[in-house]
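Have the sequence and the model side by side for what follows.

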Amino acid sequence: MGIKYMKNLKLFVFLCILTFTVSCGQQNKYIEYKVKEGETMRGIAKRLHMKTKDLLRLNPDITKKPSANTVIIIPRKKSQKGFKISPKAKKDSLVKQRETVQSLDTTNIDLISDKELQKKAYIAELEKEFKVHEVKKGDTFIGLTRYYNVSKEAIIALNPILKDGLKLGQIIKILPIEEVYEEEELLYKDTIAENISLKVAFMLPFRAKELDTLTETEIFSNSKLANIVTDLYLGAEIAIDSLRNQGVSVAVELYDTESNSTNIKNIVSNYDLNSNHVIFGPLYSEEVDFIADKVKVPIVFPVFSKKQTQFTDSKVVKTYPNKLLFRAKLLNYISENFQDGNIVVVTDNTSESNFNASQISAVLEQNDSIFKVSTIVSNDGYIKKEKFTDVLQPNMNNFVVLTTNDAVIVASTINSLISLPEEVKARVFSFDKLNTYNKIDNKKLAQLQFTYVSNDYLREDSFYAKDFDATYKRVNGALPSYYATKGFDITYDILIRLASGKKLKNTFKEGFSYRIESKFDYTDQSFKVPENKGLFILKYNEDLTLTRLE
């Protein structure tokens, strides 16, 4: 059975933080800033790349959620994007325009004379500071939050009038403009050089000789590896066809590594692998090390392996984030977004779970917004409800972080938390959403606003996702699996970067990218081996949809 026949068988990273101290003679290093509606000290500090506690120290009489128009002190920088204060010379000339703009009632804008002119003036003024959206027929909070990747609470904070709901024609603020620019400035811009040609090799364990005598059912019912390999390649084929349709000439060579590295040496001896621009695979870590020692071109490792931390050759590209990055991502999010509350860490008393729990406590206890960090340990295989009632606080934020994937402990924790008294609210966090959570009723997870780190996020209303699904189904007769989508994302991202005509590593410095369901961020050059750090933070909503928080 050849490869063509097989094809038909399967249809801790924080931003740089500057610490400022106030002393006599340094007044010229600070300026006044007037707080806008919906802004918080945490949000302002984040935009200034400083700690919230340091901003609060500069303003000891200011609360964490100051009222609009409160004047605070902020550090002066050479570039104060989003914090510019208009010079007096310009102020007078803007008064009339601002009075006109501010007098507009956005819910009844069509009643104003010269409505289109007034509307454009209003939008233009808002767009100086915010990403703006005009409410259209059919718009919902769910749709807006998913489209713009912001929470409903964040939108209402910027637009208090929306507490009464969305109204047709409203002009609303979505995000501060500097946050939009920050994202756009860091995004990799896809470019294709003229007359570009690429040669690509796939080294995967197709095992054509070994599986030649088996039926389709025997192969795919009994072999997880066969499913993964086939789906990865079928997704990659769609990516290659997409690039060809954009004018990129792509030549592909397939090498069957067979089982247990039996054919790797033979491939190296008989083929000129250095004639390729890139090699996708192999799948086994020992094979990767062997090939890396023999070739001079990039080697893309297209799956996750616990052994990938052992890769030391700079030619290897790790497309899946290391699991330690999941923990760092979650801790960073909690530290940046948690205010005034209580943290509870749940561990199953294994060495790994206890280590993660101690790391979480050490990091979070440094945050002066956190009231207390408690640890609950399971000694008898599950968590009793009483353990939570002893440490959770009423009428306060309670974040419960699980460092265990034990099915019984996770289930007992979830059940205990949803049965708490109404005045005790809890929100559950996890480093990852493994199979353990797939066994939990999604309604229970939504009730606890279950929040976790993931290396994939599929926005189902995305045009690109729908187009990929339709194309894949047309070609292969079925919708794409997880690995088929990953195969597309990984292949397309690497090849479109190479299509620029630049060296692959140079494109990594130019920004991160989003594909169908993956984020690829190789911008951190501090490590010898390129490693993707593209992760999402996702939260369950009441309607069982997901919101991307980061």
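Leu544 is placed in the loop between S17 and strand S18 (546-548). Helices (H or I, at least four residues) and strands (E, at least two) are DSSP runs, numbered from the N terminus. The model is a predicted one, in which local features need pLDDT of at least 70 and side-chain atom pairs count only at pLDDT 80 or more, while totals for chains, interfaces and linings use all residues. Residues are numbered from 1 along each chain as its sequence is written, and side-chain values use heavy atoms, with hydrogens and water left out.

Although Leu544 is not a glycine, it has a positive phi of about 75°. Leu544 is partly exposed, at a relative accessible area of 38%; buried means under 20% relative accessible area, exposed over 50%, and partly exposed in between (1.4 Å probe, protein chains only). Gln449 is another residue other than glycine with a positive phi, near 50°. Gln449 lies in the loop between helix H19 (442-447) and S14, and with 34% relative accessibility it counts as partly exposed.

Next comes a sheet. Which strands make up the open sheet of 5 strands, and in what order? The order is S6-S5-S7-S8-S9, with parallel pairing; two strands pair if DSSP finds at least two bridges between them. Strand S6 (249-256) and strand S9 (316-318) are at the edges with a single partner strand each, so one side of each has no neighbour in the sheet. From one strand to the next the twist averages 25°. Within this sheet, strand S5 (residues 197-204) and strand S7 (residues 278-280) run parallel and are joined by 3 bridges. Phe202 has Phe280 as its bridge partner in S7.

Two helices can be followed against the sheet. H11 packs on it and touches S5 and S6, with a direction that makes about 165° with that of S6. H21 also packs on the sheet, touching S5, S7 and strand S8 (299-301), and its direction makes about 180° with that of S7. Axes here are lines fitted to C-alpha atoms, for helices over the stretch in contact, and angles run from 0 to 180 degrees between N-to-C directions.

Leaving aside neighbours within four places in sequence, the contacts of Phe202 (heavy atoms within 4.5 Å) include Tyr233, Ile240, Leu254, Phe280 and Thr491.

In strand S10 (residues 341-347), 7 of the 7 residues are buried, so the strand is largely enclosed by the rest of the structure. S10 and strand S12 (residues 397-402) run parallel, joined by 6 bridges, and the bridge partner of Val344 in S12 is Val400. Is Ser378 buried or exposed? Ser378 is buried, with a relative accessible area of 4%, and lies in the loop between strand S11 (370-377) and helix H16 (385-391). Lys372, in strand S11, is partly exposed at 46% relative accessibility.

The whole structure holds 19 aromatic pairs; rings of Phe, Tyr and Trp (its six-membered ring) pair if their centres lie within 6.5 Å, and planes under 30 degrees apart count as stacked, over 60 as edge-to-face and the rest as tilted. Tyr452 and Tyr540 form a tilted pair, 6.4 Å centre to centre with 45° between the planes. This pair links distant parts of the chain, with Tyr452 in strand S14 (residues 451-454) and Tyr540 in strand S17 (residues 536-540), 88 residues apart. Both Tyr452 and Tyr540 are buried. Phe202, Phe206, Tyr233 and Phe280 form one aromatic cluster.
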